[in-house]
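Reader: Can you walk me through this model? I'd like to start with what it is and how to read the values.

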Amino acid sequence: MAPNDNHFPSSKPSSTAPPPPIPNGSTTTTNSKPNPLPPRQPIRQQLYSDHRNQQQQRRRWQRPSNRRICCCCCFWSILILLITILVASLLAIGLYVVYQPRPPSFTVASLRVHRFNLTASPDSSAAHLSSLFNLTLITKNPNSQFVFDYEPLLVSVVTDPDAIFLGNGTIPAFSSGERNLTSFRGVAVASTEARELDFGDGLGLKSDLKGRSGLDLKIVMDTKVEIRMGKLKSKRVGIRVSCGEIRGSLPKGKAVSMASTDKSKCKVDLRIKIWNWTF
């Protein structure tokens, strides 16, 4: 190209020219890239997610199920029952520590044998018994804060240890006050006239009478008792009094035979009845 040729500028702007000003007054770099848009979900998936969110919101405000209500009721019922048992146990322990209650005591002072007739049938298939005993019983309340109210006592005389029934009687209802001593004299215990015995029981009685010239007897008493302390009353509970180690001999003729009660000991046991079982 010759030196005198005219030079015409290029129609393209120079790369070194500054960028045009931004109306907001801020500058941006040429290397900045626009933020990518989030990927658009398919229409079916979006509708499913919206429907699912609506169901979750409905469940949050849904009424509790019957199963949940039943579980809550059972939980609170068991909790209240356990608390009640705990409070009652603590109260009973406190009363026991403060007052130290003791069970009543029973003593067989004397036992007279007025009649004891054992006869066998001609063919020895059965035996008949007619008996009459006279009993003196003493009971004591060793407590200074409690009163025992007894229902009528059913008294039975049986052999020991075979427990063959020989007769029964009744002691009327009574109350045993604080540190009180109560005695019953002339308690009649008898069997009905010519009461029939089982073949085995009759045979056992005959062998005992021949070999030992007497019988080992036991007196059993069943009743219910209520405990009072001031205006407080307990429920009536069953008790059984067993008095063993009594040696009886047969009367001769019309004479009365005295049984030996020097070594007699009486034991008091609670009788708890659940349905048809008694413990």
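Author: What follows covers the model's basis, then a helix, some backbone details, a few single residues and the salt bridges.

Reader: What kind of model is it, and what does pLDDT have to be for local features?

Author: It is a predicted model, where local features need pLDDT of at least 70, side-chain atom pairs count only at pLDDT 80 or more, and totals for chains, interfaces and linings use all residues. Residues are numbered from 1 along each chain as its sequence is written, and side-chain values use heavy atoms, with hydrogens and water left out.

Reader: What comes just after α2?

Author: Gln-100, which takes a positive phi of about 50 degrees.

Reader: Which residues does the UniProt "transmembrane region" annotation cover?

Author: According to the unreviewed UniProt entry, residues 69-99. UniProt positions are given in the numbering used here, feature names are shortened, and annotations may be inferred rather than shown by experiment. In the model that span is 100% helix and 0% strand, with its end C-alpha atoms 45 Å apart.

Reader: Which residues make the nonpolar surface patch?

Author: Leu-91, Ile-93, Leu-95, Tyr-96, Val-97, Val-98 and Tyr-99, with an area of about 720 Å². Patch residues have over 30% relative accessible area and no salt bridge; like charges are joined within 9 Å, and nonpolar side chains (Val, Leu, Ile, Met, Phe, Trp, Tyr) within 5 Å. The areas come from the Shrake-Rupley method with a 1.4 Å probe, and for residues only the protein chains shown count as cover.

Reader: Is Ile-93 buried or exposed?

Author: Ile-93, in helix α2, counts as exposed because its relative accessibility is 52%. Buried means under 20% relative accessible area, exposed means over 50%, and partly exposed is in between (1.4 Å probe, protein chains only).

Reader: Changing topic. Where is the cis peptide bond?

Author: Between Asp-160 and Pro-161, with omega at about 10 degrees. Pro-161 sits in the loop between β4 (153-159) and β5 (165-171). Ala-163 is found in the loop between β4 and β5 too, and has a positive phi of about 60 degrees although it is not a glycine. At 52% relative accessibility, Ala-163 counts as exposed.

Reader: And what is the phi of Glu-245?

Author: It is positive, about 60 degrees, and Glu-245 is not a glycine. Glu-245 belongs to strand β11 (residues 237-248).

Reader: What does the side chain of Thr-223 reach?

Author: The backbone oxygen of Pro-152, at 3.4 Å. Thr-223 lies in strand β9 (residues 215-229) and counts as buried, with 9% relative accessibility.

Reader: What about Ile-272, where is that found?

Author: In the loop between β13 (265-271) and β14 (273-274). Ile-272 is partly exposed at 48% relative accessible area.

Reader: How many salt bridges does a search of the whole structure find?

Author: It finds 5, each a side-chain nitrogen of Lys or Arg within 4 Å of a carboxyl oxygen of Asp or Glu. One of them pairs Arg-236 with Glu-151, the closest N and O atoms being 3.7 Å apart. Arg-236 lies in the loop between β10 (232-233) and β11 and Glu-151 in the loop between β3 (147-150) and β4, so the pair ties together parts that are 85 residues apart in sequence.

Reader: Which residue does Asp-216 form a salt bridge with?

Author: Arg-247, with the closest N and O atoms 2.9 Å apart. Asp-216 is in strand β9 and Arg-247 in strand β11, so this pair ties together parts 31 residues apart in sequence.

Reader: And what does Arg-240 pair with?

Author: Arg-240 forms a salt bridge with Asp-222, the closest N and O atoms being 2.7 Å apart. This pair links distant parts of the chain, with Arg-240 in strand β11 and Asp-222 in strand β9, 18 residues apart. Arg-240 is partly exposed at 27% relative accessible area, and Asp-222 is partly exposed at 25%.

How values were computed. Helices (H or I, at least four residues) and strands (E, at least two) are DSSP runs, numbered from the N terminus. A polar contact is a pair of N or O atoms within 3.5 Å; within protein, one must be able to donate a hydrogen and the other to accept it, and residues adjacent in sequence count only if both atoms are side-chain atoms.
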